[in-house]
Amino acid sequence: MKEFIINTDEIANLISSLPADKWDILAPAKDGKSFDYVLSSDKPIINSEAPPSKISFKEYFFPKSETLFYYKREANEISLTEPKFAEKKLLVLAAKPCDAASLPILSKVFNWDYKDEFFNKRVNNSVIIGLSCAYSDESCFCTSVGLDRNNTKGSDIFLTPFNDKQYVLSVVSDKGDSFVKEFLPNLTEFTGTKETKEFIDNKPFDYKKTKDWIAANFENKIWAETGEVCIGCAQCAFVCPTCHCFDIVDENCDLNCGRRIKNWDACQFGVFTKHASGHNPRNSQEKRYRQRVSHKFDYYYEKFGEVLCTGCGRCTRGCPAGIDIGEIVFSISNQ
Amino acid sequence: MKIGVFVCYCGENIGRTVDCAAVAKELSAYPGVAHAEAYKYMCSDPGQNLIKQAIKEKNLDAVVVGSCSPHMHEKTFRKACASAGVNPYMVEIANLREHCSWIHDDIPSATAKAIDLVRIAVEKVKYNEPLQTIQVPVTKRALVIGGGIAGIQSALDIANAGFPVVLVEKEPSIGGHMSQLSETFPTLDCSQCILTPRMVEVYQHSNITLLTYSEVEKVEGFIGNFKVTVRKKARSVKDEVCTGCGLCVQNCPIKKKAQSEFDESLTTRPAIYVPFPQAVPNIPVIDRSVCTYYKTGKCQMCKKVCGREAIDFEQQDTFLTFDIGAIIAATGYKLYKIDKKPEGHIYKGYGEYGYGELKDVIDGLQFERIASASGPTSGEILRPSDKKEPKKVVFVQCVGSRDESKGFSYCSKICCMYTAKHAMLYKHKVHDGEAYVFYMDIRSNGKGYDEFVRRAIEEDGVKYIRGRVSKIYEENGKYIVKGEDTIAGVRMEIDADMVVLATAMIPQPENSKVAQLLGIPYDKHGFMQEVHPKLRPVETSTGGIFLAGACHSPRDIPESVAMASAAAAKAMVLFGSDILEREPVVAKVEASTCAGCFYCQKVCAYSAIERKEIRDRQGNLIKVVAYVNAGLCQGCGTCNATCPSKSVELIGFRDEQIFAEIQSLSGF
Amino acid sequence: MPDLIEIAKGLLESKEVSFIIGYTKDRFGRVKPYIAKSVEDANNLMFDHHSIHNLAVYLTRLKIPENGRVGIVAKSCDIKAIIALIQENQIKREQVYIIGMNCSGVVTHSTDEWKKENIQIKCKYCADKAPMLYDAVAGTAEPFEQPDDTQEVLMQKLETMSSAERWDFWAKEFEKCIKCYACRQVCPMCYCEQCLAEKNQPQWITTSPTPAGNFSWNIIKAFHMAGRCVGCHECERACPMGIPLTLLTRKMGMVAGKEFNYRHGMAIDQPTLVGSYNFNDNEDFIK
Amino acid sequence: MAEEKFEPKVVAFVCNWCTYTGADLAGTSRLKQEPNARLIRVPCTGRIDPVFVIKAFESGADGVLISGCHPGDCHYNTGNFHARRRWTFFKELLNFVGIDSTRLHFSWVSASEGKKWVDVVNGVIDTVREQGPFLKYKEIKEHDFQEIEN
């Protein structure tokens with residue numbers, strides 16, 4: 001792995017030198033009390049101690065609302081048109097390792113039986129610059145799901161703070177390599193050693209053990225106990241970097257035209273599994289909560305060999321009912 | 001779905017401003033439309049046959065007719081379609097006449113609008129569903145509100161046809177204003193003489209329940225199935241024992257405190273009184289506002305003299321409830337008073353005529369009492385102030401009527417005739433007297449009416465002056481009437497002994513209250529509104545409620561009687577069948593999504609929302625949901641709009657239908 | 001003042017209630033809703049200035065037996081929601097045992113200190129911190145410094161803006177909406193089994209989290225709160241995107257107060273504002 | 001190039017018994033009106049859901065008029081009273097989010113007020129014309145459909 005030293009001025013130069021017509025830059029910025037990924041912000045924040053943004057950056061790869069095609073009726077003829085795809089490149093700067101790691105995870109589901117053209121195009125058109133993380137709170141548990149502060153999964157380039165003004169830039173992927181060659185050709189190679197803080201996981205668990213337990217305990221009372229206070233919103237799923245359920249609907253612009261559209265959906269909604277007949281197999285919140293945990297730690301692992309979670313803790317921080325998914329898995333794992 | 005579109009030219013009415021052929025052509029290419037054509041008169045037999053033929057040939061499921069207002073011919077077209085096998089509720093009307101051709105001049109924009117209007121209807125009809133009428137039983141009993149000549153006539157007609165009638169009159173006696181009149185135009189026959197037998201007939205009729213001194217308190221239900229509560233006001237006299245001997249009235253020590261309503265305040269009456277000698281029922285009433293007993297607890301003179309112990313000072317208002325099938329409103333009129341009105345009143349007073357403070361400036365009804373043989377002067381024409389015979393009388397027409405600045409836009413219709421009658425009666429009784437009439441136009445268009453006015457002018461020498469009176473004031477015992485003769489073009493000044501004002505006819509003040517109880521519209525003056533000015537003049541927009549007499553608009557006796565008989569006939573049409581078919585436009589609850597908040601119940605004006613428990617097979621309560629009683633629902637849809645989860649829908653105006661109508665606009 | 005845990009134990013022991021909806025602390029000290037079903041569970045109950053959640057929402061989310069009774073730990077602002085639910089036929093008075101808490105104001109985040117800057121704006125307007133309808137009362141209210149009503153400042157600013165500026169303000173806010181419906185799910189007054197946002201035959205509002213869809217959702221949600229919002233501010237707390245939703249509900253509350261002198265959730269037998277009318281209601285805006 | 005004169009689209013939701021009939025009367029009396037209004041007939045103002053207004057704007061309306069019976073005249077006794085409360089809130093709410101009274105209008109027009117109907121409907125059309133097209137709403141709507149228009 002090639003490593004270089006980069007100072008803050010060089011990062012600032014990079015931001016200003018990328019041609020705006022070809023590149024969008026997504027970086028954390030402060031919005032009131034909280035952080036958020038903001039496009040082309042004039043105040044991007046590159047701070048490894050910053051808490052995670054309130055919502056992950058997945059919407060830039062898997063938009064909250066995406067048109068699949070448009071339809072138009074003229075007389076009795078119906079014509080379809082493809083939406084235009086903006087072929088613009090995206091640089092994600094200072095992505096948390098727990099966010100960057102979500103892209104390879106999501107890629108598995110979006111390239112399984114059907115290759116999601118839009119998702120793949122967006123990933124291919126992006127360069128992710130990860131940033132080593134120095135934040136942790138009681139909701140974080142990235143180490144329990146096989147990640148850590150310096151994990152480069154999903155990043156093309158990775159930054160680790162070296163001193164006040166300098167970062168160690170590690171080239172992670174080929175995409176990262178060509179980016180550095182094109183835009184940062186004059187960096188000095190780094191040969192020293194990096195030091196980072198240790199991450200204290202408050203709820204270490206073994207996700208492999210958890211998987212087996214979940215698979216064997218579909219009817220366990222734990223689901224009722226943890227699901228009963230769930231109020232059934234989709235905050236957790238929508239802020240999550242890895243949740244990827246969507247709903248496909250047709251929406252009219254007038255009586256003769258419209259579009260087919262893909263919108264975020266979530267398993268916590270009562271109508272998520274409601275059949276046209278009115279029957280609902282997941283007819284209570286506890287069943288829906290079981291689904292969420294099972295999908296993340298059992299079904300996805302079963303199918304793709306990794307859990308559908310990066311341990312970012314967003315779902316817990318924002319839950320209006322104070323539910324902590326990490327605690328649930330922790331307690332399962334430590335049974 | 002195959003929709004047929006039929007565009008009516010309505011002769012030239014639509015065709016002149018809307019290119020009907022272009023509308024049909026445009027719509028023929030519209031999605032869902034299987035057939036479109038235009039025809040001169042769609043409502044005519046050949047027009048209807050076109051529709052029927054197209055239904056059969058093209059196998060149409062739904063029909064849109066672009067024609068006049070649905071209020072005109074919706075039923076016609078529904079019936080035509082039904083006879084050709086299309087459910088009548090699969091028919092929608094686009095209003096191309098009242099809402100388009102008649103109000104626009106520009107052919108291209110009117111045609112464009114017409115296309116839009118038809119498209120709205122086409123989009124709606126796509127979501128229509130075949131509906132069946134709702135059948136409800138009919139209670140064959142009528143309620144008549146008001147016991148004037150109109151109410152009496154309606155009640156007698158219905159009762160004579162064999163149906164029970166409840167007649168409610170707010171005054172102690174029936175008879176109304178007609179009982180106050182001296183003689184009637186144009187025949188000059190005595191009003192009392194022709195009215196009294198009718199009043200007695202009402203009283204004695206086995207099919208009529210007469211409730212005088214009573215008011216309608218509450219009206220619930222709907223056509224064929226009203227539930228009416230009547231407040232029988234405390235008379236303080238037990239009507240079942242009173243014989244009407246009159247001893248109580250004669251012995252009442254109160255003589256002068258109360259103004260006689262019957263004599264239009266020209267005389268006084270006792271606290272216990274019968275409004276007039278021929279009153280029906282001949283049972284007195286105690287006016288508690290003036291009776292000494294109710295003020296001081298003493299007196300009881302009437303009780304002492306009553307041999308039948310009929311006086312009951314403790315009597316309370318009682319409430320009677322009736323099941324009613326049809327209601328006739330015959331609440332009548334009153335005469336406008338020229339008194340000073342409070343600021344902002346819809347009618348202004350007449351300061352220029354002395355605000356009613358000049359003693360010998362009287363109104364028409366007061367003159368009727370003066371001229372009446374049973375009146376305060378026993379028929380002698382004497383002026384109220386000094387009981388002297390006036391030698392010069394000025395009659396002023398259109399006081400209030402046809403005067404927008406005073407708040408009246410309408411003509412009171414009967415004043416021309418009764419003024420001629422008054423002047424004539426005066427001349428017959430005061431042979432050396434002079435009678436002047438100030439008029440705007442003489443409206444004497446009834447059988448024998450114009451002849452009657454001519455007779456007043458030509459035979460009786462009444463002097464008619466065309467012009468308005470600008471001022472009346474008192475000077476040296478005379479009333480100076482200043483006006484203008486617009487024909488001669490000279491100013492007039494007459495020193496009269498008495499002035500009679502033909503003040504406007506206005507609805508009874510309770511008219512609007514009664515209309516609200518009944519849920520029927522009334523106009524800005526308070527006159528009740530018919531549903532169609534020409535073709536349904538006695539029906540209201542509420543099924544089963546009809547209008548008779550001057551509560552609807554100013555009208556004279558023969559017109560009131562004719563209207564009363566018409567209203568009675570309408571009620572009897574209803575009573576002609578045992579089952580009534582009602583529009584299936586009612587609300588319906590989707591129990592699976594109903595959250596049971598019952599906001600629908602709160603907004604329902606008909607108590608049509610009931611509670612229904614949903615239980616599982618073990619009998620455990622799952623939830624309580626709303627349920628619509630289709631018999632009571634009137635189809636306003638307020639519940640539908642109020643329901644937060646959208647679990648109530650108004651059939652015929654379902655959300656889907658209205659959304660489709662709205663969305664059809666986006667294509668314009 | 002009797003202790004919350006003692007009251008709860010008594011209720012659960014005597015089986016007067018089948019469970020108690022209350023608060024507990026997790027092992028990190030974060031306060032969260034909790035359902036105590038046994039006397040042992042009752043030991044976990046607590047109440048402090050982090051007990052921000054309006055637990056009345058669970059009265060319609062949880063299954064309450066027809067003739068059963070449940071306990072609920074409620075602050076003054078939550079009690080308004082309970083009253084409103086009774087007013088709206090969602091629960092019967094006899095089905096709830098209200099343990100009213102004397103409250104000292106609440107703060108949003110578990111890490112927030114109990115001080116003026118963090119105390120919720122709604123606490124400023126809580127007429128009396130003492131419960132208004134209850135079966136038992138617990139806890140002690142301590143005086144606290146009233147928070148500044150920063151919202152009112154924004155409210156006034158909005159009122160002085162032009163319509164176009166207001167539109168731009170809200171377009172920017174609604175743009176953020178991701179349609180997670182946390183605002184709806186956390187709202188004690190949003191108890192419909194099927195929200196009109198979920199009604200798709202016909203489609204009432206556009207479900208997409210796009211500008212038009214977000215506009216109609218947020219407007220209709222706010223409108224459904226007209227005369228019904230009890231002012232618990234839970235919608236805004238739950239919103240992960242930080243949309244100032246209570247500005248809308250507060251506006252509805254202001255109209256209810258100004259035009260009709262009405263506040264929802266004040267008395268169980270009070271006729272609701274929606275569903276009643278007065279002949280003389282203001283109609284200046286109607287030509 | 002001369003700009004085409006803007007002609008607003010006005011959607012009017014009217015009750016069947018008063019305003020629709022009042023508009024019929026205006027027609028019967030041949031009272032001329034501007035051709036920009038499209039009436040949608042509902043039984044009662046009580047039937048009109050605020051979502052109708054939203055949908056009308058979404059469908060490209062530049063202005064909306066809601067009209068029904070005067071207080072006390074409602075064919076269904078109280079529908080318009082409930083509607084009036086509903087609109088008191090809704091118009092304040094819309095105003096608060098930037099849709100003011102130039103876009104959303106209310107009136108009571110009775111079955112006998114044909115002349116008033118003409119004045120109201122022409123007044124609304126004129127006001128909306130003066131405001132110009134409701135671009136703000138069209139923008140958020142067209143955001144999703146901009147690619148389809150060509």
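**Chain A**

For secondary structure I noted 11 helices and 12 strands in chain A. I then checked the radius of gyration: chain A has 21 Å, close to the 20 Å that the globule rule gives for 335 residues, so chain A is as compact as a globular protein of that length. I also took the extent of the C-alpha trace of chain A along its principal axes, which is about 65 × 65 × 40 Å.

**Confidence**

Before going to chain D I looked up its pLDDT. The mean for chain D is 91, and 94% of the residues of chain D reach 70 or more. I keep one caution in mind: where pLDDT is low, the predicted coordinates should not be read in detail. For the model I recorded ipTM 0.92 and pTM 0.77.

**The sheet of chain D**

I traced an open sheet of 4 strands in chain D, with the order β2-β1-β3-β4 and parallel pairing. I asked which strands stand at the edges. They are β2 and β4 (104–108) of chain D; each has a single partner strand, so one side of each is left without a neighbour in the sheet. From one strand to the next, I noted that the twist averages 20°.

I then went to the pairing of β3 (residues 63–68) with β4 in chain D: the two strands run parallel and 5 bridges join them. Within this part of the sheet I found Leu65(D) opposite His105(D), the latter in β4(D).

I followed α1(D) next, which packs on the sheet and touches β1 (10–15), β2 and β3 of chain D. The direction of α1(D) makes about 110° with that of β1(D).

**Chain D against chain B**

Last I looked up the interface, where 43 residues of chain D are in contact with 44 residues of chain B. I listed the elements of chain D that give two or more residues to the side touching chain B: α1 (19–28), β2 (37–42), α2 (50–58) and α3 (79–96). Which element gives the largest share of that side? I found that α1(D) does, with 6 residues. By class, I recorded 19 nonpolar, 15 polar and 9 charged residues on the side of chain D that touches chain B.

Terms used:
Residues numbered from 1 in each chain as written. Chains lettered and ligands numbered in written order. Predicted model: local features only at pLDDT ≥ 70, side-chain atom pairs only at ≥ 80, totals over all residues. pLDDT = per-residue confidence, 0-100. Contact = placed C-beta atoms within 7 Å. Nonpolar A, V, L, I, M, F, W, Y, C, P; charged D, E, K, R; others polar. Rg over C-alpha atoms; globule rule 2.2 N^0.38 Å. Pairing = 2+ DSSP bridges. Axes fitted to C-alpha atoms, helices over the stretch in contact; angles between N-to-C directions.
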